[in-house]
Amino acid sequence: EVNDAYTQLYGYSREELIGSHFSMVLPEEFRAYATGVHNEFIAGAVEMPNEWTVMNKAGRLIRIQAEAIRVEEDNDPPSKLTVIDVLE
């Protein structure tokens with residue numbers, strides 16, 4: 001799921017975001033690291049780093065603070081809910 005504020009911040013439509021890898025909004029040099037942090041978080045790590053530089057569809061860099069919550073429901077694999085605040 002993606003809310004309207006997320007689509008507006010990044011400049012992508014819901015259809016472009018849903019089903020795409022979350023790292024598409026990161027500069028290329030951070031994608032492998034962020035994927036590793038994500039995988040560790042899903043596996044049970046306590047918390048991910050909370051400040052990131054992200055990139056909107058037009059290529060503009062944006063500094064954000066992110067907070068992640070692991071969601072575990074019945075028989076589904078764990079997932080992550082991320083809440084962000086723009087820092088600049």
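Student: In what order do the helices and strands of the protein chain run from the N terminus on?

Tutor: The model is predicted, and its protein chain holds 3 helices and 3 strands. Read from the N terminus on, the order of these elements is α-α-α-β-β-β.

Student: What radius of gyration does the protein chain have, and what would a compact globule have?

Tutor: The C-alpha atoms fill a box of roughly 40 × 25 × 20 Å along the principal axes. A compact globule with 88 residues would have a radius of gyration near 12 Å, and this agrees with the value for the protein chain, 13 Å.

Student: Which element gives the largest share of the largest nonpolar core?

Tutor: The largest nonpolar core has 13 residues, and those with the most contacts inside it are Tyr10, Trp52, Val54 and Ile64. Two or more residues come from each of helix H1 (4-10), strand S1 (51-55) and strand S2 (61-71). The largest share, 3 residues, comes from S2.

Student: Leaving aside its neighbours within four places in sequence, with which residues is Ile64 in contact?

Tutor: Ile64 is one of the residues with the most contacts inside the largest nonpolar core. Leaving aside neighbours within four places in sequence, the residues in contact with Ile64 are Tyr10, Asn50, Glu51, Trp52, Val54, Ile84, Asp85, Val86 and Leu87.

Student: Leaving aside its neighbours within four places in sequence, which residues does Leu9 contact?

Tutor: Leu9 is found in helix H1. Its C-alpha atom is separated by 14 Å from that of Thr82, which lies 73 residues apart along the chain. With neighbours within four places in sequence left aside, the contacts of Leu9 are Asn56, Ile62, Ile84 and Val86.

Student: How many residues apart are Lys57 and Glu16?

Tutor: The side chains of Lys57 and Glu16 meet in a salt bridge of 2.7 Å, N to O. Lys57 is in the loop between S1 and S2 and Glu16 is in helix H2, so the pair links distant parts of the chain, with a separation of 41 residues.

Student: Which strands hold Glu51 and Arg63?

Tutor: The side chains of these two residues, Glu51 and Arg63, meet in a salt bridge (3.7 Å, N to O). Glu51 counts as partly exposed at 47% relative accessibility, and Arg63 is partly exposed with a relative accessible area of 32%. The pair ties together parts 12 residues apart in sequence, since Glu51 lies in S1 and Arg63 in S2.

Student: Is Asp74 buried or exposed?

Tutor: Asp74 is found in the loop between S2 and S3, and has a positive phi of about 30° although it is not a glycine. Exposed means over 50% relative accessible area. Asp74 has 82%, so the residue is exposed.

Student: What accessible area do Ile69, Leu81 and Val83 have together?

Tutor: Val83 lies in strand S3 (residues 79-86) and counts as partly exposed at 47% relative accessibility. Ile69, Leu81 and Val83 form a nonpolar patch on the surface, and their accessible area together is about 250 Å².

Note on methods. Residues numbered from 1 in each chain as written. Predicted model: local features only at pLDDT ≥ 70, side-chain atom pairs only at ≥ 80, totals over all residues. Heavy atoms only, no water. Core = buried A, V, L, I, M, F, W, Y, C linked by side-chain atoms within 4.5 Å. Buried < 20%, exposed > 50% of the residue type's maximum accessible area, 1.4 Å probe, protein only. Helix = DSSP H or I, 4+ residues; strand = E, 2+ residues; numbered from the N terminus. Contact = heavy atoms within 4.5 Å. Patch = residues over 30% accessible without salt bridge, like charges linked within 9 Å, V, L, I, M, F, W, Y side chains within 5 Å. Areas by Shrake-Rupley, 256 points an atom, 1.4 Å probe, with all protein chains shown as cover. Salt bridge = Lys/Arg side-chain N within 4 Å of Asp/Glu carboxyl O. Rg over C-alpha atoms; globule rule 2.2 N^0.38 Å.
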